[in-house]
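Q: Please show me how to read a few features of this model, beginning with the exposure of a single side chain.

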Amino acid sequence: MVNPIRKKRIKEARWSFAMTTIAILIALIIVYPFVNVLAVSFSSSAEVYKNPMMIWPHGFTLNAYHDLLKNNLIWTGYKNTIITTLVGTVLALILSVLLSYPLSRKDFRGRKVVSGILIFTMLFNGGLIPNFLLIKNLKLYNTIWALILPGAVSAYNCILIRSFFQSIPDSLTEAAAIDGASDIRILFDIILPLSKPILATITLFTAVGKWNSFFSSIVYTKDRNLWTLQLVLREMLIAVKQQSQDILDASQMVASKSMDYAAIIVATVPILCIYPFVQKYFISGMTLGAVKE
């Protein structure tokens, strides 16, 4: 007769092996496209034409990156994107915290009304034309601020931050208030130090959104020197594809694909470098930020 304990351990080992195998397969499926993009971007056109599904560079070359980065406009795009991402993220974080903290306080009169208005903005908005007219009337059109101020406060982010603030025990803030601490001091000395997970989560959300944004540049700017990186890459790739289609040469089409993938790497790698620094906060922020006690 088989020992029940041994039988249970064998069953658990098989289950663990099956789950590990499935997890590895899912990870490979997720990682493969990025590895393929990286390999193609460093490969020669002839090798890409023969094996577009490669996972390792063949005929190593930097031609795609050279053709992409030799355009001075791309460095201007980098500068604009870095400015809008840094300033926009810091501004969004400050405004979101200052709005969320009063809404998390039970003694704040009218917080339900303000919360309702905040949620209303998630469901309805004025539309593209009213937003454009507003930006123009505020004298923000064709300025860097037109890429930063619109959408500086996200209702979704405010709800996450508010929920996290509400999960902090009231006894901490009550004790500080008894000792004579003002609301501002309670916020900066007690609430924010305990809110690193949700703040890191919101920072990552906002930074990625700002980094990948290109629609605002299309709508609110006309000066090419104000274009963000994503819009610059879009225009460059459209021009390369159009040129390749006019030539009707297979090698040019493959070269265009290599440049496409190089553009993906150029636009993605910088923001990916931020994730490892906030990853440990990101997971806890996503789980705790949605819990209300």
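Q: Is Phe60 buried or exposed?
A: Phe60 is exposed, because its relative accessible area is 57%. The classes are buried for under 20% relative accessible area, exposed for over 50% and partly exposed in between, with a 1.4 Å probe and protein chains only. This is a predicted model, where local features need pLDDT of at least 70, side-chain atom pairs count only at pLDDT 80 or more, and totals for chains, interfaces and linings use all residues. Residues are numbered from 1 along each chain as its sequence is written, and side-chain values use heavy atoms, with hydrogens and water left out.

Q: How many aromatic pairs are there, and how is such a pair read?
A: A pair of aromatic rings is described by the distance of the centres and the angle of the planes. Rings of Phe, Tyr and Trp (its six-membered ring) pair if their centres lie within 6.5 Å; planes under 30 degrees apart are stacked, over 60 edge-to-face, and the rest tilted. By this rule there are seven aromatic pairs. In one of them, the ring centres of Phe42 and Phe60 are 5.4 Å apart and the planes are at 10 degrees, so this pair is stacked. Phe42 lies in the loop between helix H1 (4-41) and helix H2 (45-50), and Phe60 in the loop between H2 and helix H3 (63-69), so the pair ties together parts 18 residues apart in sequence. The helices are DSSP runs (H or I, at least four residues; strands are E, at least two), numbered from the N terminus. Phe42, Phe60 and Tyr65 form one aromatic cluster.

Q: What is the geometry of the pair Phe120 and Phe124?
A: The centres of the Phe120 and Phe124 rings are 4.9 Å apart and the planes are at 35 degrees, so the pair is tilted. Phe120 is partly exposed at 48% relative accessible area, whereas Phe124 is exposed at 51%.

Q: How is the packing of two helices read, and at what angle do H7 and H10 cross?
A: Two packed helices are described by the angle between their axes and the distance between the axes. Axes are lines fitted to C-alpha atoms, for helices over the stretch in contact, and angles run from 0 to 180 degrees between N-to-C directions. The axes of H7 (residues 155-167) and H10 (residues 196-212) come within 10 Å and cross at roughly 170 degrees. That makes H7 roughly antiparallel to H10 (under 35 degrees is roughly parallel, over 145 roughly antiparallel, 65 to 115 roughly perpendicular, the rest oblique).

Q: Which residues of H7 and H10 meet?
A: On the H7 side they are Tyr156, Asn157, Leu160, Ile161 and Phe164, and on the H10 side Pro197, Ile198, Ile202, Phe205 and Thr206. Contact means heavy atoms within 4.5 Å.
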